[in-house]
Amino acid sequence: MRKQGTGNRDQGSEPMRDLLRKAMPPVRDGAELPHDLWPAMRQRLNSQPNPAAGLRRVPWFDWALAGLLAAFALAFPAAVPMLLYYL
C-alpha cells in the first residue's frame, strides 16, 4: 500500500520559522557577556540561609510516615526483610 503525502515536508513551516526568528534575537559570533556573573552568584549564595548549618525542621508528615513504618514493623516483624529488600 502506498503512503499518501504532500511531497513537501516544509509545508506550513515558514510562518513558524518567521515567528521564531522574531522571538529570538540573533547570536553574534564570539558574543561576550557584558559583565562577570560570578560576584552576583556568590552574593546570592551567601544571602540564602544554609539549611545544613543547624537542625532542620522536619515536617509532620515525615514523622507520621516514620511512625506508621515503626508500627507496621512491630505488628508484622516477618515483613521487615521484605521492606528492606524493596528499599
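This passage walks through the fold, the surface and a few side-chain contacts of one protein.

The model is a predicted one, in which local features need pLDDT of at least 70 and side-chain atom pairs count only at pLDDT 80 or more, while totals for chains, interfaces and linings use all residues. Residues are numbered from 1 along each chain as its sequence is written, and side-chain values use heavy atoms, with hydrogens and water left out.

The protein has 4 helices and 0 strands, where helices (H or I, at least four residues) and strands (E, at least two) are DSSP runs numbered from the N terminus. Read from the N terminus, the order of elements is α-α-α-α. Of the 87 residues, 1% count as buried; here buried means under 20% relative accessible area, exposed means over 50%, and partly exposed lies in between (1.4 Å probe, protein chains only). The protein exposes about 9400 Å², of which carbon and sulfur atoms supply 63%. Accessible areas come from the Shrake-Rupley method with a 1.4 Å probe, and for residues only the protein chains shown count as cover.

Charged contacts come next. Side chains of opposite charge can pair when their charged atoms come close. The whole structure contains 1 salt bridge, meaning a side-chain nitrogen of Lys or Arg within 4 Å of a carboxyl oxygen of Asp or Glu. This salt bridge links Arg17 with Glu14, and their closest N and O atoms are 2.9 Å apart. Both residues belong to helix 1 (residues 13-23), where they sit 3 residues apart, about one turn of the helix. Arg17 is partly exposed because its relative accessibility is 33%, and Glu14 is partly exposed at 39%.

Rings of Phe, Tyr and Trp (its six-membered ring) pair if their centres lie within 6.5 Å; planes under 30 degrees apart count as stacked, over 60 as edge-to-face and the rest as tilted. Phe72 and Phe76 form a tilted pair, because their ring centres are 5.2 Å apart and their planes meet at 50 degrees. Tyr85 and Tyr86 also have ring centres 5.2 Å apart, but their planes stand at 80 degrees, so this pair is edge-to-face. Tyr85 is exposed at 68%, and Tyr86 is exposed at 64%.

Finally, Trp60, Phe61, Leu65 and Leu68 make up a nonpolar surface patch with about 510 Å² of accessible area together. Patches consist of residues with over 30% relative accessible area and no salt bridge, like charges being joined within 9 Å and nonpolar side chains (Val, Leu, Ile, Met, Phe, Trp, Tyr) within 5 Å. Trp60 lies in helix 3 (residues 60-75) and is exposed, with 67% relative accessibility.
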